[in-house]
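Here is a short briefing on one protein model. Look at the sequence and structure first, then read the points below.

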Amino acid sequence: MPHPLILGDFQLYWLNGGSFRLDGGTMFGAVPKVLWQKKYTADAANSIPLVNDLLLVKTPQHTLVIDTGLGNKLTAKQLSIFQVTSPWSVVTDLTDLGLSRDDIDLVLLTHCDFDHAGGIVMLNEEKKEELTFPRALHYVQKAEWEDVETPCHRAQSTYWAENFDLLKREGQLKIIEGDLEVGPGIRLRHTGGHTRGHQLVELSSQGKTAVHLGDLFPTHAHINPLWIMAYDNFPLQVIERKKEYFNHYGKLNSWFTFYHDPQIKACKITEQGDIKATWPPSLQR
Ligand SMILES: [Zn+2]
């Protein structure tokens, strides 16, 4: 069993939501390759490895996940297009932790791109669709849900109906607008930036804080506020939000947790914007 990151009364684990490779240029937007390749190695086809590892958080009151990974519904063609290098194994990862799908009572969705929402609905052993976390309320921002229901031309390729139809039918969807305390020490904040309805998750327990910035801070290589993704829909907003959150949460000595980083799961940063601690600690850079 992996060691959790301890945050006061909370325990943070990362579950394998599947790994894939994406074009390195798309992950670093306007940043020249000569700069980003010093931090992140690309192969001959310019692709870089990424994980989609959802957070599992155990609190005294709740057992929640942040996002859901790639899921197990991708077709052979999609597995090839997205260069999936290891499959989603969330159900077995839960078993390894002594948990079942029914133990999860909250699913907090930073946004609804397929790499974050693909595991909302899974195929069971009979290849029938089921909610992966059937007892959980799934929290989404209203603006994000509007774009899922009526995607623009660009979003049609990333908001997939098969990730949401069952969620709507089963009534486990909770649409919120703005900021909300979901439970003791669990707060959602609308950020925008990456998508119109993107949100962050703030966790706090016994004076300790962790913040999950989702795709505003996908890997530790994106620590420069100007290093943003070509996938960002509102890039200037991402830059402003990153500066604001690095300042605010940096002062709180907060952990910044990652979803896409294949090397580290979380880091702490200094006021100058340098990494001062990592999780796991053995991978200190
Ligand atoms: Zn993403």
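Does glycine 192 count as buried or exposed? With 20 C-beta neighbours inside 10 Å, glycine 192 counts as buried, because the cut-off for a buried residue is 20 or more. The model is predicted, and the points below are grouped by topic.

**Glycine 192**
- Glycine 192 sits in the loop that links strand 13 (186-190) to strand 14 (199-205).
- Leaving aside residues up to four places away in sequence, glycine 192 touches His198, Phe234 and Gln237.
- Between glycine 192 and histidine 3 there are 33 Å in space, C-alpha to C-alpha, and the two are 189 residues apart in sequence.

**The nonpolar core**
- In soluble globular proteins, nonpolar side chains tend to be buried together.
- The largest nonpolar core in this model has 73 residues. Among those with the most contacts inside it are Leu12, Leu108 and Phe256.
- Strand 2 (residues 10-15) supplies the largest share of this core, five residues.
- Leucine 108 touches Leu64, Ile66, Tyr139, Leu188 and Val201, again not counting residues up to four places away in sequence.

- Strands of a sheet pair through backbone hydrogen bonds, either parallel or antiparallel.
- Seven strands form an open sheet in the order 12-13-14-15-16-17-18, and the pairing is mixed.
- Strand 12 (180-183) and strand 18 (275-279) are the edge strands, and each pairs on one side only.
- From one strand to the next, the twist averages 25°.
- Strand 12 pairs with strand 13 in the antiparallel sense, over three bridges. Glycine 183 stands opposite isoleucine 186 in strand 13.
- Helix 8 (residues 235-251) packs on the sheet and touches strand 15 (208-212), strand 16 (255-257) and strand 17 (266-269). The direction of helix 8 makes about 160° with that of strand 15.

**Backbone details**
- Tryptophan 279 and proline 280 are joined by a cis peptide bond, with omega about 0°. Proline 280 is found in the segment after strand 18.
- Lysine 127 is not a glycine, yet its phi is positive, near 65°. Lysine 127 lies in the loop between strand 8 (121-123) and strand 9 (129-131). Lysine 127 is exposed because 8 other C-beta atoms lie within 10 Å, and the cut-off for exposed is 12 or fewer.
- Glutamine 206 also has a positive phi, about 50°, although it is not a glycine. Glutamine 206 is found in the loop between strand 14 and strand 15. Glutamine 206 has 9 C-beta neighbours inside 10 Å, so it counts as exposed.

Key. Residues numbered from 1 in each chain as written. Predicted model: local features only at pLDDT ≥ 70, side-chain atom pairs only at ≥ 80, totals over all residues. Helix = DSSP H or I, 4+ residues; strand = E, 2+ residues; numbered from the N terminus. Contact = placed C-beta atoms within 7 Å. Core = buried A, V, L, I, M, F, W, Y, C linked by C-beta atoms within 7 Å. Pairing = 2+ DSSP bridges. Axes fitted to C-alpha atoms, helices over the stretch in contact; angles between N-to-C directions.
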